[in-house]
Structure formats: structure tokens, C-alpha cells
Amino acid sequence: MNSNIVEIDAARPLGELTATLQALCDEVETQRTKTAVVLRLTSSGDTPQWPGEITVSAVNRWERAVRRLETLDAITVAVAAETCAGPALDLLLATDFRIGATGLRLALPVNDGHFWPGMALYRLVQHLGAQRARQIVMWGTDIPLGRAVGLGLIDQVGDSIEEAVATATALTGRLSDRETALRRQLIAEAVSSEYDEALGIHLAACDRELRRLRAAAESGESDESADEAAVAAPAGPVLTGAVA
């Protein structure tokens with residue numbers, strides 16, 4: 001299993017951060033073996049007011065790069081320390097597993113009393129629900145490590161990148177190929193879709209898994225080979241509504 005370890009310095013210009021993130025996604029998407037991404041979120045100095053003097057087009061490019069990371073077919077792990085704000089907070093909320101170092105605090109993007117309306121707000125609501133996110137967003141309060149753990153925004157407390165790599169390796173080992181993206185999609189559907197709409201997607205996923213199991217039973221091959229056979233087989237219909 002490959003581990004792609006990248007340090008993201010939140011004090012760097014937004015265009016540079018966007019390019020770093022896009023290059024990382026390019027590398028991961030070309031790898032043929034199972035992989036994990038470990039982001040070490042740091043700041044070489046005081047994090048400047050987010051996002052600084054940029055254009056909305058630059059913000060759009062950044063948000064699309066973060067979304068690309070968020071939808072990679074690879075486990076993503078973030079390690080955050082000290083103050084996690086601005087671009088670091090965006091990336092933390094977009095990863096699958098989040099490790100917080102002792103003393104970490106999450107800081108919302110507020111400049112001179114004005115909240116930065118980026119997608120960190122969207123992800124906070126997705127993670128916490130509107131009611132709990134409201135208390136944080138409306139009053140712009142920082143989130144210390146203990147509260148972040150209690151809210152589920154931080155999954156593990158730890159200070160070393162080696163620990164993060166070990167965690168990423170363990171998490172990736174539990175998933176077969178293409179499982180990461182599938183599980184993310186099903187979670188998202190449960191949050192954002194009506195039951196009948198989500199049912200069709202879940203049935204399609206069930207159909208794929210049934211075909212994988214049949215292929216494994218018939219051939220005695222490994223899970224990875226059965227995965228390939230299931231993908232190669234014609235997909236069943238995507239059904240909506242009640243099933244008789």
C-alpha cells in the first residue's frame with residue numbers, strides 16, 4: 001500500500017496551495033495500487049486573513065481542488081496541530097479521518113467580524129447537522145481539541161506523522177478497490193436524498209456486491225479479482241420506488 005504524504009502550509013498563497021493539491025490528486029489517480037493520502041496541515045507563520053487579496057475565480061479553483069481531494073478513491077487522513085484555520089480547516093473537513101495534535105484548536109474564517117462564506121460552512125453543516133453547526137457558525141467561536149473530538153470533527157488524538165501513516169495503512173487495508181468512493185457516496189445520499197431517490201443508488205450498489213460475491217464463489221478468486229469481474233459484468237437496472 002502506498003502512502004502519499006504531503007505537507008500543506010496554510011500560510012502559503014492560495015494559488016500555490018491549489019497547485020499543490022491538484023498535483024497530489026494527479027499523482028494519486030495515476031497509481032495502480034491501493035493508496036492512502038496523509039496531509040500534514042501546518043503554518044509557517046501566523047495564518048493570514050483568509051483568503052487574502054484574490055479573485056473569486058481563484059476561490060473557485062481552490063474549492064474544486066478540495067472537492068477533487070474529497071472524492072478521490074483513496075483514504076485521506078489529515079494531521080492538524082496548533083491553530084487549524086483557513087485552507088487547513090477546509091482540507092481537514094474534507095478528509096476521511098482526522099488526527100488532532102495536543103493543543104489543537106479549529107478556528108472559523110472570520111475577518112474583522114465578517115465570516116468568510118466558503119465551503120467550510122457547508123461541510124460543518126454536513127458533519128454536524130444544522131442545529132449544532134448554527135451554534136458554531138453564528139457566534140464564530142473557536143473549537144478546542146476536546147470539543148472537536150466530542151463533535152466528531154477529530155477522530156483521534158496524536159502528534160506524529162508516523163502514527164498517521166499507520167492509521168491510514170490500517171484503514172486502507174479494510175477496504176477493497178473502489179470501496180472508498182462507494183461508501184462516501186452512500187453516506188452522502190443518506191444525508192441529502194429522499195428515500196426513494198437514495199434507494200435506487202443503494203440497490204445498484206447491492207447488485208454490484210451480489211455479482212462480486214457470485215463471481216468469487218464461482219471462481220474461488222481473491223476479492224480483488226472478484227471486484228474486477230463484478231465491474232466487468234453488465235450492471236443491473238437502477239430501481240426506484242418500492243420493491244415487491
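Which helix gives the most to the lining of the largest pocket? Helix H8 does, with nine residues.

The model is predicted: local features need pLDDT of at least 70, side-chain atom pairs count only at pLDDT 80 or more, and totals for chains, interfaces and linings use all residues. Residues are numbered from 1 along each chain as its sequence is written, and side-chain values use heavy atoms, without hydrogens and water.

**The pocket**

The largest pocket holds about 870 Å³ of space. A pocket is an open set of points on a 1 Å grid over the protein atoms alone, where a 1.4 Å probe fits, with protein on both sides within 12 Å along at least five of seven lines; lining residues have an atom within 4 Å of a point. Its volume is the space filled by probe spheres set on the points. Of the 27 lining residues, Glu70, Asp96, Arg184, Ile187 and Ala188 lie nearest the centre.

**The strands**

Strands are DSSP runs of E, at least two residues, and two of them pair if DSSP finds at least two bridges between them. S1 (residues 2-9) and S2 (residues 35-42) run parallel, joined by eight bridges. Within this pair, Ser3 stands opposite Ala36.

An open sheet with mixed pairing has the order S4-S6-S9. S4 (83-84) and S9 (143-144) each have a single partner strand, so one side of each lacks a neighbour in the sheet. Cys84 stands opposite Leu106 in S6.

Technical notes:
Helices (H or I, at least four residues) and strands (E, at least two) are DSSP runs, numbered from the N terminus.
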